[in-house]
Amino acid sequence: MTTLMADPMLAEAWTLSGSVALRPEPFGALAYHFGNRKLTFLKKQQLVDAVNALGDSKTVADALTRAGIPEAQWPAYVKALRGLATSDMILERKPS
Amino acid sequence: LIEEVSIDGM
């Protein structure tokens, strides 16, 4: 079995910001940050599942696994999570 | 997988 742990973010612990509201949509979800007033569409339900799993997961890799995302697709999802991190939608937290 | 939208212009 091959493990793609190339991106350090996969081993980090993150969580959805307390300033963000996620509204379910047919295409995935709409995320609104009340602090910086940024609006972001999450265009895949699996990404929404992963974001929701972040807070209860020890690592990002754990959250992606729980969301049922194949390892081959992790790089694309990590890229999306980094985009969410850039706009403070998700925040790094201390490992539990 | 994500699309950022600017709402300030509204």
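I take helices (H or I, at least four residues) and strands (E, at least two) as DSSP runs, numbered from the N terminus. The model I consulted is a predicted one.

Entry 1, A:Pro95. I first looked up the place of A:Pro95 and found this residue in the segment that follows strand S5 (90-92) of chain A. Setting aside neighbours within four places in sequence, I noted contacts of A:Pro95 with A:Ala13 and A:Lys58. I also checked A:Phe27, which lies 68 residues from A:Pro95 in sequence and 31 Å from A:Pro95 in space, C-alpha to C-alpha.

Entry 2, the two chains. I looked up the contacts between the chains and recorded six residues of chain B against 15 residues of chain A. I next traced the strand pairing: S4 (residues 39-42) of chain A and S1 (residues 2-5) of chain B are antiparallel, over four bridges. Within this pair, I found B:Ile2 of S1(B) opposite A:Leu42.

I followed the strands in the order S2(A)-S3(A)-S4(A)-S1(B) and recorded an open sheet of four strands with antiparallel pairing. Which strands stand at the edges? I found S2 (20-25) of chain A and S1 of chain B there; each has a single partner strand, so one side of each is left without a neighbour in the sheet. From one strand to the next, I noted an average twist of 20 degrees. I also looked up helix H1 (residues 45-54) of chain A, which lies across S3 (28-33) and S4 of chain A and runs at about 50 degrees to S3(A).

I examined the largest nonpolar core and noted 24 residues, with A:Ala50, A:Val60 and A:Leu64 having the most contacts inside it. Which elements give two or more residues to this core? I listed S3, H1, helix H2 (60-66) and helix H3 (74-86), which belong to chain A. Lastly I looked up A:Leu64 and, not counting residues up to four places away in sequence, recorded that A:Leu64 touches A:Ala50, A:Ile69, A:Trp74 and A:Tyr77.

Notes
Residues numbered from 1 in each chain as written. Chains lettered and ligands numbered in written order. Predicted model: local features only at pLDDT ≥ 70, side-chain atom pairs only at ≥ 80, totals over all residues. Contact = placed C-beta atoms within 7 Å. Pairing = 2+ DSSP bridges. Axes fitted to C-alpha atoms, helices over the stretch in contact; angles between N-to-C directions. Core = buried A, V, L, I, M, F, W, Y, C linked by C-beta atoms within 7 Å. Buried ≥ 20, exposed ≤ 12 C-beta atoms within 10 Å, placed from the backbone.
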